[in-house]
Amino acid sequence: MSSAPSDTPPDPQPSALPPSVDTAHHEPNHSDATATSASSHKVKPARKPLLRLELRDLSNDGTRAFLRLVHASNVLEDAVDTVLKHLYTGLDTHCIPPTRSVTLILRSMQGVAYTTGSDLDSDHKEIHLSLDYINHVPDARKKEEIQGVIVHEMVHCWQQNALGTAPGGLIEGIADWVRLKSGFAPPHWKRTADSKWDAGYERTGFFLEWLEAKHGEDIVRRINEGLRDCKYIDDEFWHKCCGKSVAHLWEDYKSSLGDGKGGQGACGEA
């Protein structure tokens, strides 16, 4: 799902399939996040990307739900703005990958979604979103889940990946960190340290959120920038950005969760 400029398109990597959603959880309030996004200064790439929508099955209930719940051009434009704001605010335009187009393809498939370079070249991205997954999500969460998945996948259209050498878990963690920051963390997400730091997705996303509190609100932006046009070397990379090894940082994070495993929900529930 990561796509930094390269000679060959990256292999597609699927988003994680979340567990069954407990609809008894309270829904997050996105009004503040939306207002903030609308009022924030927009980060602009060298050229405005062309945004496309491809519907493979108009008769599918997932397609009908998508068209009923979201405005395609708005949800894609908002996702681009969100990603660029969180990863490239304050950086020169040349730091932003030259993504020329993003095509959202709704089709029946296993999993949730994945992002890849198109057959044309890696500057043209395709986000494949599963209609089967949309149908699986409870109606009360469909809109927010669609928006959250699109934000996650849009990160992969713009983020850096250390010339393909960055840990996949870090790539996925940055994408879920942006989703978290944009207000679309689903209720089943938990702050846990029951695996490795680069387990990816929300586990790494919450770790990155903790790093913000310890190393500055621009730490993820600096991590992403550190993955531009150079190969990833574990100890060197983390000592440069945080002054410690990632193993040391992960131990500190586990300690911050109390029992070393954690268990808080995305909105602070026990």
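Two residues are said to be in contact when heavy atoms of each lie within 4.5 Å. The structure described here is a predicted model, in which local features need pLDDT of at least 70 and side-chain atom pairs count only at pLDDT 80 or more, while totals for chains, interfaces and linings use all residues. Residues are numbered from 1 along each chain as its sequence is written, and side-chain values use heavy atoms, with hydrogens and water left out.

By the contact criterion, and leaving aside residues up to four places away in sequence, Q147 touches V70, V75 and F184. Q147 belongs to helix α5, residues 142-156. Its relative accessible area is 18%, so Q147 is buried (buried means under 20% relative accessible area, exposed over 50%, and partly exposed in between, with a 1.4 Å probe and protein chains only).

The protein contains 10 helices and 7 strands; helices (H or I, at least four residues) and strands (E, at least two) are DSSP runs numbered from the N terminus. Of the 270 residues in the protein, 49% are buried. Among contacts between residues at least 6 apart in sequence, 73% join residues at least 24 apart.

Not counting residues up to four places away in sequence, W238 touches residues including L211, I223, K244 and L249.

Helix α7 (residues 201-215) packs against helix α10 (residues 246-256) at an angle of about 95°, with the axes 11 Å apart. Axes are lines fitted to C-alpha atoms, for helices over the stretch in contact, and angles run from 0 to 180 degrees between N-to-C directions. The two helices are therefore roughly perpendicular (angles of 65 to 115 degrees count as roughly perpendicular, under 35 as roughly parallel, over 145 as roughly antiparallel and the rest as oblique). On the α7 side the contact is made by F206, F207, W210, L211 and H215, and on the α10 side by V246, L249, W250, D252, Y253 and S256. By class, this contact has 8 nonpolar, 2 polar and 1 charged residues; Ala, Val, Leu, Ile, Met, Phe, Trp, Tyr, Cys and Pro count as nonpolar, Asp, Glu, Lys and Arg as charged, and the others, Gly among them, as polar.

Helix α7 also meets helix α8 (residues 219-226), where the axes come within 8 Å and cross at roughly 110°. Helices α7 and α8 are therefore roughly perpendicular to each other. L208, L211, E212 and H215 of α7 and I219, V220, R222 and I223 of α8 make this contact.

K244 lies in the loop between α9 (234-242) and α10. Because its relative accessibility is 30%, K244 counts as partly exposed. The K244 side chain makes a polar contact with the D252 side chain at 2.9 Å (a polar contact is a pair of N or O atoms within 3.5 Å; within protein, one must be able to donate a hydrogen and the other to accept it, and residues adjacent in sequence count only if both atoms are side-chain atoms).

Most residues other than glycine have a negative phi. A162, in the loop between α5 and α6 (168-181), has a positive phi of about 55° and is buried at 0% relative accessibility. D229, in the loop between α8 and α9, also has a positive phi, near 55°, but is exposed, with a relative accessible area of 55%.
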